[in-house]
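Here is a friendly walk through one chain, from its inside to its surface. Please keep the sequence and the 3D view open as you read.

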Amino acid sequence: MLETIRRVQFCDLTTQVYCKHQALELDVLNELIASNEILFSWQNQHANFAQLLNQLPTAISLAEEKYRLLAI
């Protein structure tokens, strides 16, 4: 359950950074995670965190396409 909560927090933070900057700013995202003790600890325990970050551009592109198709 705790892992799910951390993932939701990470997704929420990623969404906030993306909306504020109108782009995926990984340096900003990493700074915010580093300044949050809980997310920083979760990041350090996540063996594939770098891979997760590398997948974000694809995930955002897919989300934007779904959003467009839904015409919301």
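## Starting from the core

Phe 10 is found in helix α1; helices here (H or I, at least four residues) and strands (E, at least two) are DSSP runs, numbered from the N terminus. The model is a predicted one, in which local features need pLDDT of at least 70, side-chain atom pairs count only at pLDDT 80 or more, and totals for chains, interfaces and linings use all residues. Residues are numbered from 1 along each chain as its sequence is written, and side-chain values use heavy atoms, with hydrogens and water left out.

Is Phe 10 buried or exposed? With a relative accessible area of 4%, Phe 10 is buried; that word means under 20% relative accessible area, while exposed means over 50% and partly exposed lies in between (1.4 Å probe, protein chains only). Leaving aside residues up to four places away in sequence, Phe 10 touches Leu 29, Ile 33, Leu 39, Trp 42, Phe 49, Leu 52, Leu 53 and Leu 56, a contact being heavy atoms within 4.5 Å.

Phe 10 belongs to the largest nonpolar core, whose 10 residues are Phe 10, Leu 13, Val 17, Leu 29, Ile 33, Leu 39, Trp 42, Phe 49, Leu 53 and Leu 56. Two or more of these residues come from each of α1, α2 (26–34), α3 (37–45) and α4. A nonpolar core is a set of buried Ala, Val, Leu, Ile, Met, Phe, Trp, Tyr and Cys residues joined through side-chain atoms within 4.5 Å. In soluble globular proteins, nonpolar side chains tend to be buried together.

Leu 39, another member of this core, touches Arg 6, Gln 9, Phe 10, Leu 13 and Ile 33, again not counting residues up to four places away in sequence.

## The chain as a whole

Stepping back, the chain has four helices and zero strands, and its elements run α-α-α-α from the N terminus on. Its C-alpha trace spans about 40 × 25 × 20 Å along the principal axes. Of the 72 residues in the chain, 21% are buried. Among contacts between residues at least 6 apart in sequence, 51% join residues at least 24 apart.

Thr 14 is found in helix α1 and counts as buried at 6% relative accessibility. Its contacts, not counting residues up to four places away in sequence, are with Leu 24, Leu 29 and Leu 56. The C-alpha atoms of Thr 14 and Asn 30, 16 residues apart along the chain, are separated by 9.8 Å.

Which residues line the largest pocket? They are Cys 11, Thr 14, Thr 15, Tyr 18, Cys 19, Leu 56, Ala 59, Ile 60, Ala 63 and Glu 64. On a 1 Å grid over the protein atoms alone, a pocket is an open set of points with protein on both sides within 12 Å along at least five of seven lines, and lining residues have an atom within 4 Å of a point.The volume of the largest pocket is about 210 Å³, taken as the space filled by probe spheres set on the points, with grid points joined across faces, edges and corners. Helices α1 and α4 each supply at least two residues of the lining. By class, this lining has seven nonpolar, two polar and one charged residues; Ala, Val, Leu, Ile, Met, Phe, Trp, Tyr, Cys and Pro count as nonpolar, Asp, Glu, Lys and Arg as charged, and the others, Gly among them, as polar.

## Salt bridges and a loop residue

How many salt bridges does the structure hold? There are two, each being a side-chain nitrogen of Lys or Arg within 4 Å of a carboxyl oxygen of Asp or Glu.

| Salt bridge | Closest N and O atoms |
|---|---|
| Arg 7 with Glu 3 | 2.9 Å |
| Arg 68 with Glu 65 | 2.6 Å |

Arg 7 and Glu 3 both lie in helix α1 (residues 2–21), four residues apart, or about one turn of the helix. Arg 7 is partly exposed at a relative accessible area of 46%, and Glu 3 is partly exposed at 34%.

Arg 68 and Glu 65 both lie in helix α4 (residues 49–70), three residues apart, about one turn of the helix. Arg 68 counts as exposed at 53% relative accessibility, whereas Glu 65 counts as partly exposed at 35%.

Finally, a look at the loop between α1 and α2, where Gln 22 is found. Gln 22 has a positive phi of about 55° although it is not a glycine. Most residues other than glycine have a negative phi. At 64% relative accessibility, Gln 22 counts as exposed.

Note on methods:
1 Å grid on protein atoms, 1.4 Å probe; cavity = no way out; pocket = protein on both sides within 12 Å on 5 of 7 lines; lining within 4 Å.
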